[in-house]
Amino acid sequence: MADDLQTITGHRGLVMEEPLIFEQDAPGRTAVDLPEPPDVADRLGSAVREGPIGLPGLSEPQVIRHYLRLSQKNFSIDAGMYPLGSCTMKHNPRINEKLARLPGLAGIHPLQPQSTVQGAFELMAVTAEWLTTLTGMAGVAMSPAAGAHGELTGLMTIRAALEAAGNARKRVLVPESAHGTNPASAHMCGYSVESIPADERGRVDLAAFKENLTDDVAAIMITNPNTCGLFENEIIQIAEAAHAVGAYVYCDGANFNAIVGRVRPGDLGIDCMHLNLHKTFSTPHGGGGPGAGPVVLSEALMPFAPLPYVIREGEGFRLVEHAEDGDGAPYGRMKGFHGQFGVFVRALAYMMSMGADGLRQASSDAVLNANYLLARLSDLLTLPFPGPCMHEVLFDDHFLHGTGVTTLDFAKAMIDEGFHPMTMYFPLVVHGALLMEPTETESKETLDQFIMTIRSLAERARDGEVDHFKQAPRLTPWRRLDETTAARSPVLRWRPDLPQAAE
Ligand SMILES: Cc1ncc(COP(=O)(O)O)c(C=O)c1O
């Protein structure tokens, strides 16, 4: 069995079943030794509890091992390469975490008097200045909590501007190569969404776009670089055509990590764009957050930005929280309080520690790494669109045709080799998509190991080793979760009472 499970890179994963902390309970055991609190009865009155409170009894090493083992059951960027296209799973420098945990930043409360949090406001204002400088835009709404939330914010801002001009429009054009959240956000904002096809180069079909561009279009939402990992190099013509009919250009800037320090979206005719701080500016994400999706805005859209926002006033800063205190803000707030403050701290720490030259180097390296994968894999895997690519490389499943192995099987087999799979079946413009985003933080050695693994798997698929793929993953605590049987890892030995994989 052990030999059978040996994999190409030798990775085996931590596959033991972990009992619940309550199942490890030994009554009376404890990790802390607290003194009897004096005179509590007087203070607690009728709230005093006399029976046991039902917490499990464990020693400190048991607690540490329990949580450490749980943490190792999930794949993480700290454990290995995580080339999940469109998600920018790169290393999060620990300096960001250290700064975000400074008591003066982590311990403040959003309802504190403004005079006591001037430093926090300054931090928000400086972060905003970095973002507007890097994007070449007039201002930024900091409060949106994630990319998709930023999209909704941007569209609501555009809608407010159009309504103020007495020209509410109904349609939003979304290219096929845009991120999936774009049509969802436009629909949520009440627009009818129309799809613009991609051309044979994987970019917006300019002729089809112009054909659909009438004076009832509120905006085009264009992802640039797009989800095929390609730069929309006709963006200036697209923006000019949109502006000519009075429409706005919304850019999904979640992939800004590919161009930061090289291109300023404001120079390309973009009116409004969200940034995923949790991707480009390296704050931890995945598994639900936290993130932040500030929206940079043109001069014309600034009066329609949401509340609240920080302004410089005299020697200090003021948070504008009510429409009557400042200009505009026709639709109020998008979120409670001021936004994801902890993420602002991490993003600013990242930007300041990298510096302008470091950010430019990071985007160059992200693009270089993706093109390295493209160059070393495209003789074996199939490229739907010719390169070079930007920060991610897209393959389709033609190379698997006739093998009986699907994109899903291929991805599952990668897990046993110690790599998180790439993004699968997205974008939808190609069949069986495999979208790989190595990011700039992977070394050449890791990329070479990844390439070797992918090449070896592709050859095994061609050689007819279908079973190897259909059985994968075999080294994880759980096998395929979408399978009908509760097939647990065959090396799950610790809890023989639990159902084992039928092999
Ligand atoms: C291109 C693009 N747009 C939008 C989003 C949505 O961002 P979020 O998940 O923060 O809502 C993502 C997510 O990674 C993305 O890659």
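The model is predicted, so local features need pLDDT of at least 70 and side-chain atom pairs count only at pLDDT 80 or more, while totals for chains, interfaces and linings use all residues. Residues are numbered from 1 along each chain as its sequence is written, and side-chain values use heavy atoms, leaving out hydrogens and water.

Start at β2, residues 171-175. Strands (E, at least two residues) and helices (H or I, at least four) are DSSP runs, numbered from the N terminus. Five of the five β2 residues are buried, so the strand is largely enclosed by the rest of the structure. Buried means under 20% relative accessible area (1.4 Å probe, protein chains only). In a regular strand, side chains alternate between the two faces of the sheet. Here Arg171, Leu173 and Pro175 point one way, and Val172 and Val174 the other.

β2 has two parallel partners to look at. Strands pair if DSSP finds at least two bridges between them. Five bridges join β2 to β3 (residues 192-196), with Pro175 partnered by Ile196. Three join β2 to β4 (residues 217-223), where Arg171 stands opposite Val217.

Now the ligand. Its shell holds 15 residues, and Ser86, Gly147, Asp252, His278 and Lys279 are the closest. Helix α7 (147-164) gives the most, with three residues. A backbone N or O atom of Ser86 lies 2.8 Å from a ligand oxygen. A side-chain N or O atom of Lys279 is also 2.8 Å from an oxygen atom of the ligand. The protein buries 83% of the 390 Å² that the ligand exposes alone, with areas from the Shrake-Rupley method and a 1.4 Å probe.

Terms used. Buried < 20%, exposed > 50% of the residue type's maximum accessible area, 1.4 Å probe, protein only. Near = heavy atom within 4 Å. Polar contact = N/O pair within 3.5 Å; in protein donor to acceptor, adjacent residues only side chain to side chain.
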